[in-house]
Amino acid sequence: MPSEEDVIATIVAVIRTLDGVTPAMADAVTPETNILRDLSLDSIAVMDFIMELETAFNTVIPLDTVAEIATVGDLARAITTEQARTAA
Amino acid sequence: MLGKYAHLAQSLSGLREAGTNPFTVAFDEILSPTTARLNGQTVVLLGTNNYLGLTFDESCIAAAVSALETEGTGTTGSRIANGTYSAHVALEKQVATFLGRQDAMVFTTGYQANLGIMAALAGRDDHLLLDADSHASIYDGSRLSEAQVTRFRHNDPDDLYRRLRYLADKPGDKLIVVEGIYSMLGDVAPLAEFAAVKRETGAYLLVDEAHSLGVLGEHGRGLQEVAGVEADVDFVVGTFSKSLGSIGGFCASDMPGFEVLRVASRAYMFTASMPPSIAASVTQAFEVMAARPDLRQALTRNAEALYQGLSKAGFRLGPTPSPIVSVRLTKPELAVAFWNKLLARGLYVNLALPPATPARESLLRTSVSAAHSEADIRFAVDAIASVGEELGIIGATVEAAE
């Protein structure tokens with residue numbers, strides 16, 4: 001099971017590939033980064049971001065759980081939980 | 001209260017400054033399936049989804065008038081109360097027969113058909129797998145359902161398979177939702193491959209044939225007929241507001257017990273049913289569609305001519321010829337200028353701007369009708385090519401504009 005740090009590193013790598021995210025924005029990402037506000041993602045961009053993350057982590061992140069995710073840290077925890085559930 | 005729409009209000013005011021607002025066009029008079037009067041000017045309509053040109057079909061109008069005179073202007077009630085007339089029952093039978101299915105349910109609009117069916121089919125523990133480029137009605141239906149929603153890459157059966165594999169151990173039914181022809185770029189789903197994934201994974205398959213019913217297939221049964229996978233499609237959804245020239249939606253299925261959805265689907269139960277005149281005109285339109293394969297042939301010919309004409313002129317289009325032909329542009333302001341210049345030349349097309357478009361492109365979306373003449377198509381290609389050159393989108397100055 002990857003550590004939360006590894007998970008965040010992969011999330012940042014995916015963020016780097018998103019349209020409209022500058023390298024400086026990606027460099028500044030921390031677990032406290034707010035996905036909508038700090039990355040300027042609209043609702044469709046968020047859905048595309050989730051789809052890319054699912055591919056990167058070989059998992060699914062149901063869209064109904066996305067409403068509860070505000071920060072990159074929340075996202076990392078959601079992915080870790082989902083992976084643990086799948087592995088169980 | 002409306003402050004949250006400030007960005008939309010700003011975009012709208014920008015559109016007004018650029019000329020006519022493409023999103024508030026009101027035609028003075030509709031002259032035929034392919035021409036209208038707009039602000040006193042006669043325009044060729046190349047963006048109406050009126051694929052078979054049946055909006056002025058005399059037999060459909062006669063059926064509607066007769067029902068209007070004998071049954072009145074509206075039903076004033078829900079299908080499960082006072083809103084089911086013999087016309088609705090006849091239409092449902094017609095839909096089922098046309099598609100070779102056991103049952104069909106008719107909804108007041110196509111949007112409501114997706115809302116009502118998806119929300120009723122998929123419950124809390126179920127999974128909806130949506131193509132990423134799905135229509136808004138599919139997204140809205142998925143939100144109304146309490147199901148877990150997973151998107152897969154547009155038209156990518158391998159990606160769908162991968163996501164179904166992640167979900168393999170989770171409880172609940174899995175419903176794959178795809179469209180026949182996608183409304184923005186006119187591209188077609190690889191349905192045989194999707195059906196194979198469905199068979200292998202034990203999922204269910206819903207196909208929205210909104211833009212492909214009456215358009216694709218030897219008998220007009222849509223992409224499922226062309227792909228030869230009708231037996232794999234558990235639910236066919238579609239609309240009467242495109243090839244059938246009216247309004248309304250449906251879902252048809254062979255699933256035993258399908259009837260129960262009549263008392264489970266909220267978008268079916270809690271809205272007034274379509275007026276009997278509409279049901280009568282649509283029932284007749286199915287007859288015309290079945291009796292006149294020449295309309296489909298004319299549509300295919302016109303679509304091919306428009307696609308090839310614009311492709312030859314140098315525009316970036318969707319991947320395959322279809323009755324939806326979209327000119328793909330990157331800058332919204334250029335698309336708005338393009339749209340206004342076409343209107344000034346007497347050509348009406350649709351304008352589609354991000355975020356409602358795939359890959360955030362700005363699209364001049366056209367849709368072809370069987371009722372267009374060869375001269376209409378030539379006029380359209382010439383007008384679009386000439387404005388495209390004027391704006392530097394095709395020809396020598398391409399890079400400057402795009």
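**Exercise 1.** Which exposed residues does the face of α1(A) turned away from its buried side carry?

*Solution.* The model is predicted; local features need pLDDT of at least 70, side-chain atom pairs count only at pLDDT 80 or more, and totals for chains, interfaces and linings use all residues. Residues are numbered from 1 along each chain as its sequence is written, while chains are lettered from A and ligands numbered from 1 in the order in which they are written.

Step 1: locate the helix. Helix α1 of chain A covers residues 4-16; helices are DSSP runs of H or I with at least four residues, strands are runs of E with at least two, and both are numbered from the N terminus.

Step 2: find the buried side. Val7(A), Ile8(A), Ile11(A) and Ile15(A) are buried. They cover an arc of only 95 degrees around the axis, which puts them on the same side of α1(A). The arc is that of the directions from the helix axis to the C-beta atoms.

Step 3: turn to the other face. Glu5(A), Asp6(A), Ala9(A) and Ala13(A) are the exposed residues there. Buried means 20 or more other C-beta atoms within 10 Å of a residue's own, exposed means 12 or fewer, and partly exposed lies in between, with C-beta atoms placed from the backbone.

**Exercise 2.** Describe how α2(B) and α10(B) are arranged.

*Solution.* Step 1: the axes of α2(B) (residues 58-71) and α10(B) (residues 276-291) come within 7 Å and cross at roughly 155 degrees.

Step 1: that makes α2(B) roughly antiparallel to α10(B). Angles over 145 degrees count as roughly antiparallel, under 35 as roughly parallel, 65 to 115 as roughly perpendicular and the rest as oblique.

**Exercise 3.** Is Asp187(B) buried or exposed?

*Solution.* Step 1: Asp187(B) sits in the loop between β7 (174-179) and α7 (191-201) of chain B.

Step 1: Asp187(B) has 20 C-beta neighbours inside 10 Å and therefore counts as buried.

Methods. Expected span 1.5 Å × (residues − 1). Axes fitted to C-alpha atoms, helices over the stretch in contact; angles between N-to-C directions.
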